[in-house]
Each structure stands twice: as structure tokens, then as C-alpha cells.
Amino acid sequence: MTSQQQQHDEPEVESEEKDQGEEIEVDEEQLPSRAAAIHEQIRQDGEKELERDSMALLWSAIAAGLSMGASLMAKGIFQVHLAGIPGAFLLENLGYTFGFIIVIMARQQLFTENTVTAVLPIMHTPTGSNFLLLLRLWGMVLLGNLIGTALAALAFAHMPVFDEATRLAFTHISEKVMENPPAEMFANAIIAGWIIATMVWMFPSAGSARLLVIVMMTWLVALGDLSHIVVGSVEVWYLVFTGALPWQDFIWPFALPTLAGNIIGGTFIFALISHAQIRNDMSNKQKAQAAAEQKKQERERKEQAQQREKS
């Protein structure tokens, strides 16, 4: 296979910048607002995610699913050792943040985190090929995450690692996820998706406080007992592999309502609203640039007319 064929086979996002052979502008001084600069930086990251190799996405997503097992492990251990201590609820839910910290700091592929950034290029250039790239990304990342969470839950259920008290804590935590009916899971997942999307939007401005932002926002998801498709998958898979839950219950009432809520909250609500305000800023900038260019052309025509008169 020639290098040209390889380049042709590689996924590539369609955008105005690529058509013009340019890069996305992320310099705040060249853009109408700080929010626009953040938007363009996230869009640039989104294009990179959309163009990644499918197998690279899958393996990274599997690693993320395995890493998210750390959230259940930490919560279970905290629950056992903090029993009867005032404020144990707050500290126990701090364990929920561990998986997110590992996944995000290690740059692994997590559904609702990396997939939010990938939506912005589609909103900027909503072509059919871009939509297909988005669906490819979503499909590979979700599949990998579910495989990884299943492997983590299987290890927790059958490997001789944890004592009986910790295993019982895992069961209690997981059963709490399944207490909500599908409608409540869906509503909770919308809020969780919105919070995770907010976290992603904060990263470009976070700097050295990135770790604090991850802890703060994901701890809030845990405290609100909100539904997340990946973290929740570890917990529900655990019930399935210990025989406490039939595998069909993973699909419904858990996975489908939670997935739909996360997508709506993180993508269609947050990303759409954020994109709408920036598009207005960028539109005003383009109008101003067009007006300035028109004035420049008129000035040049006048100067040329004056030179002709003098000659």
C-alpha cells in the first residue's frame, strides 16, 4: 500500500480550516472572547480524537474501563473502614473520583469525557462524513469501556483479592445503583452528563488545578447519586457476575436509560448551548473582518483613482 493510499484510508475531519490548509486558531488575542478560545481549543482536541485509529481507540477505551474499577474498589474499602464515623458518606463518595483521576490523567478514552469534545467539530461542520466519524468514535469507545468494566467486575467478583466485608460493600454499593427506576436513571444521567461536560470545558483554564477540577466535579456526581454509564457498568456487572442480577437487567433498566441521559446531558444540552454562544461570537468576528476588508478595498480603489488623476 502506498503512502498516498494510507493517508486516504486514515479518517479525516472535514472543516473550513482543513479546506484552506490552515490550523484552528486558539490564540485568545485573535478571537472575540476567552470563551471562544476555549471552544476552539476543545474543537481542536475533538478533531484529533475523531481522527484516531479505531484499534487505538478501542484499546484505550478498554484500559479506561479497567481503570474505572478503581472507583468501586475505593468506595467499597472506604465504606468498610469508615463505618460509624461521622461524615463517612462524604469520604466514601470521594472514592468515586479515583477512577476518573486515573482515566483522565492517563489520557485514556472515556465515554462522556472524550466524546464531548468530539461533538464540537460536528457542530462546526455538520457533514455526513463527520457524523460517521462521530458514530465510529462513540461506538468504539463505548464498546471498549464496557469490555473493560466487565473485566474489572469479573476480577472483583472471582479473584481472591478482597475480604468478605469488602465484597459485601461492593454488593451494597452496586444494589443502590439499581434502586432507581428507568425514568430516574435517565434524569440522573442527564445531570451527570452535564457535569462531566462542564468539567471538560473547565480543563483549558484549569492549568495546574486540573486534578482539583476532576475531584471536585466527579465527587459532585457521586454525592448526587447520579448515573454514569461507565462507572455504573462496573457496579452492575459486579451484580451480574456474582449472580445477584440477571444479565438482561444490565441492558434494561440500567444501560439504555443511563446512556441516553449521559448523551443528552453532555452533548445535546451542554455542547449545543456552549456552541451556540460561540458561533454568535465567531459570526460577529467574521462580519467585522468582512467589513474591515471591504473598507480596505474601497480605500485602495480611491488611492488608485487619485494616482490616475495625478498622472
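Me: Contact here means heavy atoms within 4.5 Å; among contacts between residues at least 6 apart in sequence, what percentage join residues at least 24 apart?

Reply: The figure is 80% for this protein. The model is a predicted one, in which local features need pLDDT of at least 70 and side-chain atom pairs count only at pLDDT 80 or more, while totals for chains, interfaces and linings use all residues. Residues are numbered from 1 along each chain as its sequence is written, and side-chain values use heavy atoms, with hydrogens and water left out.

Me: How many helices and strands are there?

Reply: The protein has 15 helices and zero strands. Both are DSSP runs numbered from the N terminus: helices are H or I with at least four residues, and strands are E with at least two.

Me: And how much counts as buried?

Reply: Of the 311 residues, 48% are buried. Buried means under 20% relative accessible area, exposed means over 50%, and partly exposed lies in between (1.4 Å probe, protein chains only).

Me: Which residues have the most contacts inside the largest nonpolar core?

Reply: They are Leu50, Met68, Phe100, Phe111, Met199, Ile229 and Phe254, in a core of 67 residues. Helix H10, residues 128-158, supplies the largest share of this core, with 11 residues. Such a core is a set of buried Ala, Val, Leu, Ile, Met, Phe, Trp, Tyr and Cys residues joined through side-chain atoms within 4.5 Å.

Me: What does Met68 touch, beyond its neighbours within four places in sequence?

Reply: Met68 is in contact with Gly99, Phe100, Val103, Leu110, Val230, Val231 and Val234.

Me: Now Met73. Where is that residue?

Reply: Met73 belongs to helix H5, which covers residues 69-81. Because its relative accessible area is 30%, Met73 is classed as partly exposed. Leaving out residues up to four places away in sequence, Met73 touches Phe156, Phe162 and Phe170. Val234 is 161 residues from Met73 in sequence, yet the two C-alpha atoms are 9.9 Å apart.

Me: How many Å separate the axes of H10 and H14?

Reply: The axes of H10 and helix H14 (residues 229-241) are 8 Å apart, and the helices pack at about 40°. Among the residues that meet are Leu142, Leu146, Ala153 and Phe156 in H10, and Ile229, Val230, Val234 and Trp237 in H14.

Me: Turning to Ser227, buried or exposed?

Reply: Ser227 has a relative accessible area of 8%, so this residue is buried. Ser227 is in the loop between helix H13 (210-223) and H14. Apart from residues up to four places away in sequence, Ser227 touches Met185, Asn188, Ala189, Ala192, Thr258 and Asn262.

Me: Which peptide bond is cis?

Reply: The bond from Trp252 to Pro253 is cis, with omega near 25°. Pro253 is part of helix H15, residues 248-310. For context, most peptide bonds are trans, and most residues other than glycine have a negative phi.

Me: What is the phi of Arg107?

Reply: Arg107, although not a glycine, has a positive phi of about 60°. Arg107 lies in the loop between helix H7 (97-105) and helix H8 (114-117). With a relative accessible area of 54%, Arg107 is exposed.

Me: And Thr112, where is that one?

Reply: Thr112 also lies in the loop between H7 and H8. Its phi is positive, near 90°. Thr112 has 4% relative accessibility and therefore counts as buried.

Key: Contact = heavy atoms within 4.5 Å. Axes fitted to C-alpha atoms, helices over the stretch in contact; angles between N-to-C directions.
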